[in-house]
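Hi,

Here is the structure I promised to pass on.

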Amino acid sequence: MSKKEKRKRWVYICVIAGIIVSVVLILCKIYESQENIFFTEYENEYEKDDTIIYRYNSKSNSVVEIGRVQGKLENCVINSDETYITGVIYDEVFEIVRYDLVAGTFEMLDAAEKIAALTDNHVGCYNSLIYDGGNKILLILKIKMKM
């Protein structure tokens with residue numbers, strides 16, 4: 001092999017390596033890892049009195065307790081701005097609650113009160129799907145008939 005052919009081969013290898021590195025960097029920029037991961041835990045595993053909300057920060061590798069909600073908070077979603085978490089509490093009453101991550105407060109949303117009024121508080125919920133950052137919910141209900 002002549003010096004000219006070897007030089008061409010090295011130029012091709014360097015160009016291909018540059019293209020591969022560029023593609024990898026672009027993909028890493030597009031698909032950045034999620035910085036904050038939120039998760040819940042029950043204070044008492046068997047009684048499920050309170051739900052504790054935590055935030056894990058992947059950059060600092062730390063876990064911080066964000067707040068607590070009374071009851072078993074399930075089917076949680078977080079909005080894209082990470083300002084509030086919406087979830088459902090199935091207890092003696094069915095509640096849709098929103099936990100404000102900035103203020104550290106939670107409120108019952110009107111949807112649960114409207115469902116209770118429509119069904120005269122005789123409703124059980126099989127399942128729910130909260131979407132659109134907690135602004136919409138799909139409910140599968142079981143109405144308990146009065147006898």
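Predicted model: local features only at pLDDT ≥ 70, side-chain atom pairs only at ≥ 80, totals over all residues.

Residues are numbered from 1 along each chain as its sequence is written, and side-chain values use heavy atoms, with hydrogens and water left out.

The open sheet has three strands in the order β1-β2-β3, with antiparallel pairing. Strands β1 (36-42) and β3 (62-70) are at the edges with a single partner strand each, so one side of each has no neighbour in the sheet. Strands here are DSSP runs of E, at least two residues long, and helices are runs of H or I, at least four long, both numbered from the N terminus. Two strands pair if DSSP finds at least two bridges between them. Between β2 (residues 50-57) and β3 there are eight bridges; Arg 55 has Val 64 as its bridge partner in β3.

Val 15 sits in helix α1 (residues 3-30) and is partly exposed, at 46% relative accessible area. (Buried means under 20%, exposed over 50%, partly exposed in between, with a 1.4 Å probe and protein chains only.)

As for the cysteines, Cys 14 is exposed at 52% and Cys 76 partly exposed at 35%. With a disulfide taken as a pair of cysteine sulfur atoms within 2.5 Å, the count is zero.

Best wishes
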